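Take a look at the strands and the charged side chains of this model. We start with strand pairing and then turn to salt bridges.

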Amino acid sequence: MESKEEAGGPDAPGLCCASFNQDTTSLAVGNKTGYRLFSVTSVDKLDCVYESESPDVYIVERLFSSSLVVVVSQATPRRMNVYHFKKGTEICNYSYSNNILSVRLNRQRLVVCLEESVYIHNIKDMKLLKTLLSTPPNPSGLCALSINHSNSYLAYPGSATIGEIIVYDANNLNTVTMIPAHDSPVAAVTFNASGTRLASASERGTVIRVFSIPEGHRLLEFRRGMKRYVNISSLSFSPDSQFLCASSNTETVHIFKLEHPTPSGEESSPTWSAYVGKVFSAASSYLPAQVSDMMNQDRAFATVRLHVFGQRNVCALATIQKLPRLLVASSDGQLCVYNLDPHEGGECVLAKRHRLFGSDKERGALEEPQPDTAAPAQSCQSYAATVATSGATPSSATLTGYSEDGGAMKGEIIPEHEFAAGPVCLDDENEFPPINWCRDGTGTGKGRRA
């Protein structure tokens with residue numbers, strides 16, 4: 001969930017990086033003048049919970065809603081700093097043999113990806129558990145880590161020339177499977193919340209595939225388009241794994257619905273689209289393999305037309321105020337919130353646009369209702385009531401066990417949707433003490449080299 005688009009100048013509002021946290025309740029952004037952490041729990045209001053003037057930050061990752069944040073700057077691209085931002089103290093720092101390209105973390109593991117190696121740390125004490133050396137060249141630092149800490153699956157490219165994906169168990173430190181996902185190199189990869197599904201896209205950007213984990217079986221296939229190849233910049237599952245969104249360097253964000261075939265004993269409603277689907281399915285068996293595959297690929301359930309295109313962005317699906325939303329943070333320094341109709345799909349409605357940098361007054365300029373979008377936004381109430389009363393999807397904004405003061409409240413149980421094996425607590429005071437690590441354990445602050 002990262003964007004590494006260079007800003008246009010020293011005072012430009014453009015982002016160097018943007019990433020949502022593991023449950024999409026927080027957004028971390030950085031530019032040439034510093035980085036900010038926002039709470040994403042309301043459509044109309046974007047609260048800045050922390051701001052730092054550390055310059056040229058190109059990686060900033062927050063652990064859920066805790067006070068732990070990982071930062072890497074262009075001034076020291078081989079060093080990772082881990083901070084307790086509420087206290088303003090450094091927990092630890094690590095230096096590596098080459099530039100850090102990406103960082104992923106959950107409640108058990110912290111993963112650092114270099115171009116040809118991957119480092120796996122125990123997040124409780126930052127002990128280095130495993131180093132995966134001589135991995136295939138990965139210049140973009142592409143990798144994904146399951147947020148479900150009970151399995152902690154890690155995915156990264158298995159080849160620089162074809163679309164192979166290695167799935168690694170970061171808890172038990174062994175390779176699980178290799179998935180032959182695409183013909184061309186992999187460009188994007190992500191896990192769902194439970195770590196049971198993996199979505200991927202290749203550098204061509206035309207087909208998105210979903211696989212079962214840990215088996216690696218292909219479950220679903222979606223076609224983003226046929227006319228042109230694009231660069232997929234991000235993939236993201238919804239919290240309930242019912243939807244998958246994909247953004248690229250084009251003006252369109254696609255949202256796919258993850259529907260599975262009904263059991264053979266159950267007949268679906270006899271709609272015209274279902275009849276046509278059966279005809280195509282029957283005809284595909286008599287056609288060449290490439291044509292047959294194309295006919296069996298599903299198209300987008302919903303779409304979003306961005307106000308700008310050609311800029312790198314990161315997207316995420318979230319439940320905010322009990323309704324499904326699409327969030328898009330773009331390199332021009334804006335966060336757009338769209339309403340998603342989970343029943344009808346179609347074109348998503350822009351609900352709010354926020355500016356991510358600038359003064360409070362400047363950021364508020366985009367928070368006022370836009371004349372051309374205020375009226376359509378009200379129309380979403382036709383399905384809002386249904387979603388709000390169904391109770392099928394819990395709101396991440398009202399999950400118990402979290403607090404903006406430092407993650408889960410001490411002694412409270414992590415919600416069931418996190419799939420914890422048992423009562424697990426996230427306590428900043430005890431689990432992440434503000435000390436500097438070094439090789440000899442003296443705490444001199446020189447950092448430990450991996």
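Strands E14 (residues 153–157) and E15 (residues 163–169) run antiparallel, joined by 5 bridges. Within this pairing, Ala 155 stands opposite Val 167 in E15. Keep in mind that the model is predicted.

Now widen the view. E14 and E15 belong to an open sheet of 4 strands, ordered E13-E14-E15-E16, with antiparallel pairing. Strand E13 (144–145) and strand E16 (174–182) are the edge strands, so each pairs on one side only. Strands of a sheet pair through backbone hydrogen bonds.

Next, the charged side chains. How many salt bridges does a search of the whole structure find? The search finds 7. One of them joins the side chains of Lys 45 and Asp 47, at 3.6 Å, N to O.

Arg 104 lies in strand E9 (residues 102–105) and Glu 61 in strand E5 (residues 57–62), so the pair ties together parts that are 43 residues apart in sequence. Both Arg 104 and Glu 61 are buried.

Finally, go to Arg 209 and Glu 221. Their side chains form a salt bridge at 2.4 Å, N to O. Arg 209 sits in strand E19 (residues 207–212) and Glu 221 in strand E20 (residues 218–223), 12 residues apart. Both Arg 209 and Glu 221 are buried. Salt bridges with shared partners connect Arg 209, Arg 218 and Glu 221 into one network.

Key. Residues numbered from 1 in each chain as written. Predicted model: local features only at pLDDT ≥ 70, side-chain atom pairs only at ≥ 80, totals over all residues. Heavy atoms only, no water. Pairing = 2+ DSSP bridges. Helix = DSSP H or I, 4+ residues; strand = E, 2+ residues; numbered from the N terminus. Salt bridge = Lys/Arg side-chain N within 4 Å of Asp/Glu carboxyl O. Buried < 20%, exposed > 50% of the residue type's maximum accessible area, 1.4 Å probe, protein only.
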